[in-house]
Amino acid sequence: MGRHRKQPATSVRRGSVIALTGLVPAGLVAVGASAAEVNTGEFAAVALPQHNSDGAEQAAEQQAAPDQTMRAAKHPGPPIVRTVAQEEGRVAADLPAGPNGIPGIAYAAYQNAERVLAQEEPDCHMPWSVLAGIGQVESHHAYGKADSKGVALDPIYGPVLDGSLSGNNVVHATGDDLDGGMGSFTRAVGPMQFLPETWRKFAGDGDEDGIADPQNLFDAALTAGNYLCSGGLNMSDLSQQSKAIMRYNNSMAYVANVMAWEVAYRTGVAPKASDLPRI
């Protein structure tokens, strides 16, 4: 993920977003760039609520947690991981743009992931704007070309990870069809750019259709949240937030870009060129 670069931490000017927020404290240990090497946690299914014979109590329980009840009843158990074949002739979703021109369908996907994670990972405190920052840097929110279901109009793949691009990891293919059936070397997939192996480990079903499709913005946003929150990280702690973002790319320039866009989406103020160092 994150272009899979293996590069040392980059010094960032004091005037950048990172310096101003104190995002990375002295002594922070960088996380490795290969997504497949980070964390091994799996995600348990939401348990169905226990019903009793008292109809009033049952109704009260369901009203107290309607979203959780709906998710559990709709598709209990882990989602099926696959890329869903799409019909020809689909068009981009026609939704009002969000802050700083973020495509409306992507905005909805990030906000949906925030709501789900608030239930499933409440100690993570994941804001939609962090996911939007990563979505901007990784694929410009599916390049603004996703249908009304949040599925990219054309499958999104990263460069083949065969070492031919300077700074990129070499990642061998494992026969996983999520990457489009690559032979010797794999590539990252979808608008949030996951390696197939990592996608399967953290796969989320953001649109609650029982399938975790890396080409779907709703699924991709939730999976990115699962990945960033794993290991008990708390996004309200800026040092932990930066550590999580570095899971995507072991580069301070990458963190600076993501956080500049996070601030932009949260405040509505476009980032300055000085806030966006070259990755």
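Trainee: Which residues is L228 in contact with, leaving aside its neighbours within four places in sequence?

Mentor: A list of contacts shows which parts of the chain come together around one side chain. With those neighbours left aside, L228 is in contact with M126, V130, L131, I134, L233, M235, A244, I245, R247 and Y248. Please keep in mind that this is a predicted model.

Trainee: Which residues of the largest nonpolar core touch the most other members?

Mentor: The largest nonpolar core here has 51 residues, and Y110, M126, M192, W199, L217, L228 and Y248 touch the most other members. At least two residues each are supplied by α4 (104-120), α5, α6, α7 (217-229), α8 (238-245) and α9 (252-267). Helix α7 gives the largest share, 9 residues.

Trainee: How many residues of α7 are buried?

Mentor: Burial is judged residue by residue, and the results are then collected for the helix. In α7, 13 of its 13 residues are buried, so the helix is described as mostly covered.

Trainee: What span should α7 have, and how far apart are its end C-alpha atoms?

Mentor: At 1.5 Å a residue, the 13 residues of α7 should span 18 Å, and the end C-alpha atoms are 18 Å apart, which agrees. As to the boundaries of the helix, at its start a side-chain oxygen of N216 comes to within 2.7 Å of the backbone nitrogen of F218. After α7 comes G231, which has a positive phi, near 80°.

Trainee: Why is the pair of Y227 and Y248 called edge-to-face?

Mentor: A pair of aromatic rings is described by the distance of the centres and the angle of the planes. The structure holds 8 aromatic pairs. For Y227 and Y248 the ring centres are 5.9 Å apart and the planes stand at 75°, so the pair is edge-to-face. This pair links distant parts of the chain, with Y227 in helix α7 and Y248 in the loop between α8 and α9, 21 residues apart. Y227 is buried at a relative accessible area of 0%, and Y248 also counts as buried at 0% relative accessibility. Ring pairs link F194, W199, F202, Y227 and Y248 into a cluster.

Trainee: Is H141 buried or exposed?

Mentor: The relative accessible area is compared with a cut-off. H141, in helix α5, has a relative accessible area of 3% and is therefore buried, the limit being under 20%. The side chains of H141 and Q136 are joined by a polar contact of 3.4 Å. Beyond four places in sequence, the contacts of H141 include I102, P103, A106, Y110 and Y265.

Trainee: How many helices and strands does the chain have?

Mentor: The chain has 9 helices and 2 strands, and buried residues make up 47% of its 279 residues. Of the contacts with a separation of 6 or more, 68% join residues 24 or more positions apart.

Note on methods:
Residues numbered from 1 in each chain as written. Predicted model: local features only at pLDDT ≥ 70, side-chain atom pairs only at ≥ 80, totals over all residues. Heavy atoms only, no water. Helix = DSSP H or I, 4+ residues; strand = E, 2+ residues; numbered from the N terminus. Buried < 20%, exposed > 50% of the residue type's maximum accessible area, 1.4 Å probe, protein only. Polar contact = N/O pair within 3.5 Å; in protein donor to acceptor, adjacent residues only side chain to side chain. Contact = heavy atoms within 4.5 Å. Core = buried A, V, L, I, M, F, W, Y, C linked by side-chain atoms within 4.5 Å. Phe/Tyr/Trp six-rings, centres within 6.5 Å; stacked < 30°, edge-to-face > 60°. Expected span 1.5 Å × (residues − 1).
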